[in-house]
Amino acid sequence: MAASPELQAQINHLPHRPGVYKYFDDEGIIYVGKAIDLRKRVSSYFNKNDHNKKTQQLVRNIKRLEFTIVDSESDAFLLENNLIKQHQPKYNILLKDGKTYPYLCLTNERFPRLLPTRNKINDGSRYYGPYATGTAMNVLLELIRALYPLRTCTFNLTPANVAAGKFKVCLEYHIGNCKGPCEGLEDEATYTGYIAQIKQILNGDLRIPKQYFREQMGRAAQEMQYELAHQFKVKLDKLDAFQAKSTIVSDTLTNIDVFAIASNEKAAFISYMKVMNGSIILTQSLEVTKKLDEPDAEILGPLVMQLRQEFESEAREILSNVALELPLPGVALAVPQIGDKRKLLELGLKNVLYLRKEKESMNERSKDLNEVRIMETIKKDLRLKELPKHIECFDNSNFQGDNPVAAMVCFRNAKPSKKDYRHYHIKTVVGPDDFQSMYEVVHRRYRRLTDEGASLPQLVIVDGGKGQLSMAVKALKDLNLWGQVSVIGIAKRLEEIYVPNDPLPIYIDKRSESLRLFQRMRDEVHRFGITFHRSLRDAGTLKTELTDVKGLGPITAEKLLNKFKSVKKIRELSEAELVAEVGKAKTKVLQAYFDQQEAEPAE
């Protein structure tokens, strides 16, 4: 699709530089994109003809564009991400909102504390994280507090304050969670040793802490301090249990980011695993809404940049299930096919496929709940005795009294059941009589269901007012089905609902799901009946003198008439031309017919 002259002039002056471009319609920003070469990328939207429908719609809506030049493709990734979050353009995938994630803070003070926080302050403290959820952070925090007796008080434990006896031990000391550094009951060297091991755990390396507890357990056992040895054994078991949940099978893997993506027509699902020292220390799964038909690689690329930034990853290797090209110097990008890295990627892919399946199942369950709600609304509006899981709707169709037919559509659980749709030729009614035609088709339909022992609908709808409704009621009474099936009529003019034995119609709220379903069924049966009637009418009006030619057939006659428009022009064709169209045998039949017509005397 060509750009407008004003837009094309702007495109022609775009630089061959990396940057971010913004498309606008009359109301504002509709799309934000990044490019290594701004002019080439923007031009491609207007020069190519193989765009999908969504992209074609985007291009049609572009009124103007703006761009921002940046120094590198990496900067373009980050700027694009920020602009999408800020403006939420309707043609971009919806990246998740920038929220704050929890950290663990190792305070910068004598006898440091380990605290959960969502705010990083430049005060010299050491921050670990961020963690995908508060639950993941709390699991690690509880493990560390169970292993090491860290203080939780906010006292300023300077040597002078401790020596002056300004502080007293609290309940945490008495229950064994703290060793009392506030009163000088714990030396700083021992506490610093705890902090060193805690740093190892927070970095995902459990080897040194495990070795420490193993040595302490062995030393206590040799000194026959069996109760103390048991305490170290319990702590070692806690580390083993934590490691069992997070360690990769192969301990040869070091610091790696693992991304997996799977998508459907509407959304993409992404799994992110952060691996440090052979352990998965963070997992994150998310869903993004697709606005255009982007390939998985185009969706995943910006999200890799975003997630690495949000979770402060410095891994020098990225694994993914789609090939990526990212502006990350010194970072290896790979799609592993075998080995431990492949197993790790398959774990991420398994998670993302489960997420997609679960989301699709939730959508299906939501649809089911929606259908139940609609049926409950119909039951309430019409005061039915049971839930209308099976509804049938009837309509008549004729053209100036010719080819009278009827149609029936069936909805089960508020959805069309097309295998149960039926057409009817009106057999007992002469002329255009909607009332008698309605009686005939309703009687035929439910006599057959009764004879076959099939289940009856809970609700029957007839397209029409009191006259058509009364004939449907009469048909049900004649079949001794009155009282077993509820029946209503829907009139077209004001969408009134008529019920038997009530001269006044029911007016259902125009926004009601009940009325919308009735209208949908009425429109569907009308479409179904009109299509059938048109096919019969066309078959009747297609009759020409060629259809009387024995041995020719209606398909061949229609083919010739569609191409040559009249019998006269067909008669003027040479034998070779006729053979090319219908073959030798049918050419002989046609020529014999034309010769006979010429030999007959004119009246």
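**Strand β1**

I started with β1, residues 19–24, and found it mostly covered: six of its six residues are buried. I'm working from a predicted model here.

Next I checked which way the side chains go. Gly19, Tyr21 and Tyr23 point one way from β1, while Val20, Lys22 and Phe24 point the other way. Side chains in a regular strand alternate between the two faces of the sheet. Both sets in β1 are buried, Lys22 included.

**Neighbours of β1**

Which strands pair with β1? I found β3, residues 64–69, running antiparallel to β1 over six bridges. Tyr21 has Phe67 as its bridge partner in β3.

I then looked at β2, residues 29–35, which is also antiparallel to β1 and joined to it by six bridges. There, Phe24 has Ile29 as its bridge partner.

I followed the chain from β1 into β2 and noted a hairpin with four residues between the two strands. Gly28 sits in that turn, with a positive phi of about 155 degrees.

**Cysteines**

How many disulfides does the whole structure hold? My search came back with zero. I had a closer look at Cys178: the nearest cysteine sulfur belongs to Cys182 and is 6.2 Å away. A disulfide needs the two sulfur atoms within 2.5 Å, so Cys178 is in none.

Is Cys178 buried or exposed? I have Cys178 down as buried, because its relative accessibility is 10% and the cut-off for buried is under 20%. I logged Cys393 as buried too, because its relative accessible area is 0%.

Methods. Residues are numbered from 1 along each chain as its sequence is written. This is a predicted model: local features need pLDDT of at least 70, side-chain atom pairs count only at pLDDT 80 or more; totals for chains, interfaces and linings use all residues. Side-chain values use heavy atoms; hydrogens and water are left out. Buried means under 20% relative accessible area, exposed over 50%, partly exposed in between (1.4 Å probe, protein chains only). Two strands pair if DSSP finds at least two bridges between them.
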